[in-house]
Amino acid sequence: MNTLVQPLMNFGNWLWGLLAAVVVWIFGQELAPSVMHAIKILLLIVCIVAPLMGAVAYLTLWERKLIGWMQIRIGPNRVTFFGLRWLGGLAQPVADGLKLMVKEVVIPAGANKTLFVLAPVMAIMPALAAWAVIPFSPSLVLADIDAGLLYVMAITSVGVYGIIIAGWASNSKYAFLGAMRSAAQMVSYELAMGFALVCVLMAAQSLNLGEIVRMQQGNWGFLNWFWIPLFPMFLVYLIAGVAETNRAPFDVAEGESEIVAGFHVEYSGMAFAVFFLAEYANMILVSTLCSVMFLGGWLSPIPLAIASAIGLPWLAADSFGWLLVKLFVVVSSFLWFRATFPRYRYDQIMRLGWKVFLPLTIFWIVLLGAWMQTPLWVWWQ
């Protein structure tokens, strides 16, 4: 492994040095550090956004395959690369993307054209911008700011504007009704989600997401994570995340028998695809935040003593791989919910958010505050 990694690192260092020399030659010694810092930030952004877009595309394939297995059917298996049938439909997301790219974006005659085009951008922008503060490992984070949790809560709240503007700008009663439904649902569950994150803030004594993960370190593996003292909040956050992303069984904004396709009924081509991407990007974001705040982030779930006893000490090593495993499990639960639960009525959704989740989160904040003042609170190192 080292024989492969070391030459790549040497080549990367040589390439970075060559780029630095070119920047110094063009911009001079004074501006070169600022330009190199900007280039580094841009490269990090590309390294985050590019894999995220690939993950969003293939999450659609995983959803169709997983639900197909649950319903005893095959799922996509025809579209493949270079006719290699054993790949089992891996090119399906690529084919779907190409199909949407060549379709015409039809703007209704009575629509507000500027807002109609701006709405999909406002829907996907928060789902991408929030990744700036997500820690992938102890040293791998784009912006390691102290108010990371506050930044995530603020930036993700903007997503509701894209949905409202899409419904209003379409000049369609069906789209507007779907937008109002979706906005009311998102605002309702945003409150419960915010109070659940207040509990995480209290337990970790920090708004920094990396510090929240480090506060879950310990000798007991997954027993040190916050999902144990905050288990009701873990469930509230997960369910509220499903509602926030308008996923089944909370997908009342897209009731075919009532309001056709909801707020994006007038969208087509890539404009529709951006809304589709925003939904799946939000699913991945919610799953990642759930893993970071309740499931230890990059921390290994296996204590070193147990890993050494079974002869696999590398399992106890903290790494980005563990974050990927947790993210995959949580995001797969979103798909599991869709295949399992029937859609709720709108009044049931509102009742759950306002009369169950909101009082429960407030009660747990008070209980957690009292618990943390006693010797029974053992989650601080």
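This is a predicted model: local features need pLDDT of at least 70, side-chain atom pairs count only at pLDDT 80 or more; totals for chains, interfaces and linings use all residues.
## Basis of the model

Local features require pLDDT of at least 70 and side-chain atom pairs pLDDT 80 or more, whereas totals for chains, interfaces and linings use all residues. Residues are numbered from 1 along each chain as its sequence is written, and side-chain values use heavy atoms, with hydrogens and water left out.

## Packing of α8 against α12

Helix α8 (residues 231–244) packs against helix α12 (residues 320–340) at an angle of about 60°, and their axes lie 11 Å apart. Helices are DSSP runs (H or I, at least four residues) numbered from the N terminus. Axes are lines fitted to C-alpha atoms over the stretch in contact, with angles from 0 to 180 degrees between N-to-C directions. The crossing of α8 with α12 is right-handed, a term for a near helix turned clockwise from the far one by less than a right angle.

Ala, Val, Leu, Ile, Met, Phe, Trp, Tyr, Cys and Pro count as nonpolar, Asp, Glu, Lys and Arg as charged, and the others, Gly among them, as polar.

## The second largest pocket

The second largest pocket holds about 580 Å³ of space, the volume being that filled by probe spheres set on grid points joined across faces, edges and corners. A pocket is an open set of points on a 1 Å grid over the protein atoms alone, where a 1.4 Å probe fits, with protein on both sides within 12 Å along at least five of seven lines; lining residues have an atom within 4 Å of a point.

Of the 22 lining residues, P51, A55, F320, L324 and L327 lie nearest the centre of the pocket. Helices α1 (2–70), α10 (269–294) and α12 each supply at least two lining residues, and α1 gives the largest share, with nine. The lining comprises 21 nonpolar residues, one polar and no charged.

## Backbone features in loops

The loop between α8 and α9 (256–259) contains P249, which is joined to A248 by a cis peptide bond with omega of about 5°. N246 is also placed in the loop between α8 and α9; although not a glycine, N246 has a positive phi of about 60°.

With 80% relative accessibility, I72 counts as exposed, the term for values over 50%.

Definitions and conventions: Buried means under 20% relative accessible area, exposed over 50%, partly exposed in between (1.4 Å probe, protein chains only).
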